[in-house]
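Hi everyone, thanks for coming.

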Amino acid sequence: MKSMLARRRNHRDDLSSRELEELLDAESEDDSNARRVDGDANPGGEGGKVLGNTVQDTVVPIYGTLVVEEKDIDAVRVMSLNMNGIGQWKENNMKLSRLKNVLRSYAVDVCGLQETNYNFRSLKSSQTLSSLLRHGDDRIQSVVSHNTRETENIGAFQPGGVATLLRDELTGFIKDRGKDDEGLGLFCYYLVEGNDGHITYFMSAYAPCKAPGIRTYYQHLQRFIQENRLATNLIDLFRDRVSSRIKR
């Protein structure tokens with residue numbers, strides 16, 4: 001991967017189809033080599049089973065009683081996911097491709113994403129997060145929030161950030177949408193209204209955690225507090241802004 005990026009003039013350009021194929025082939029070859037090494041190191045293993053199991057070989061335990069293939073007509077499925085960055089490529093983006101398939105396979109109605117690590121202002125107006133995650137004629141809408149106060153040398157990358165996605169029938173009940181007013185990327189939300197005026201907030205929020213470096217999300221919020229001489233700390237700031245929005 002490093003050598004591939006080193007050959008490119010602009011390291012932030014999308015992967016081409018050929019580059020993606022080369023990357024996948026290299027990963028496949030590395031995985032095969034790892035299997036051979038593990039097999040040699042453990043020749044007497046259980047029926048020749050090697051230690052280096054891949055994701056495909058691993059049986060993941062299922063907790064709870066959710067049957068993915070079955071969904072009640074009145075059920076609303078909500079998923080929350082820390083992305084640790086959605087990736088800076090708009091095309092051939094493996095993270096977004098996997099998320100797109102999960103949303104559809106699990107019939108997810110609401111999805112909250114945290115730590116998107118993306119400067120959504122760098123996208124064209126037609127390239128919303130919902131458009132990047134849409135399957136054909138899927139009904140999907142998105143609202144995003146990231147720090148818009150720190151603007152020096154950020155490119156497409158911006159630490160922190162959140163997104164809220166609504167899919168299918170739930171998109172027809174949207175009453176309002178929004179994000180934190182101060183441009184800090186603390187939260188974003190959809191407000192939906194059902195029968196008899198009952199309203200529900202679906203909010204994705206990202207609480208800061210201490211991290212070294214001057215360009216981290218933690219340091220962004222520290223500078224905001226110091227520059228505005230606020231008598232608070234990061235956690236209290238986060239809690240106050242989120243609760244104030246919900247109580248409006």
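**Rings and cysteines**

Let's start here: Phe 187, Tyr 189 and Tyr 201 make up one aromatic cluster. Before I go on, this is a predicted model, where local features need pLDDT of at least 70 and side-chain atom pairs count only at pLDDT 80 or more, while totals for chains, interfaces and linings use all residues. Residues are numbered from 1 along each chain as its sequence is written, and side-chain values use heavy atoms, with hydrogens and water left out.

What counts as a pair? Rings of Phe, Tyr and Trp (its six-membered ring) pair if their centres lie within 6.5 Å; planes under 30 degrees apart are stacked, over 60 edge-to-face, and the rest tilted. That gives us four aromatic pairs. Take Tyr 189 and Tyr 201: their ring centres are 5.3 Å apart and the planes sit at 65 degrees, so this pair is edge-to-face. Tyr 189 belongs to strand β6 (residues 187–193) and Tyr 201 to strand β7 (residues 199–205), so the pair ties together parts 12 residues apart in sequence. Strands here are DSSP runs (E, at least two residues), and helices likewise (H or I, at least four), numbered from the N terminus.

Buried or exposed? Buried means under 20% relative accessible area, exposed over 50%, partly exposed in between (1.4 Å probe, protein chains only). Tyr 189 is buried at 2%, and Tyr 201 is partly exposed at 21%.

Now the cysteines. Cys 111 is buried at 1%, and Cys 188 is buried at 0%.
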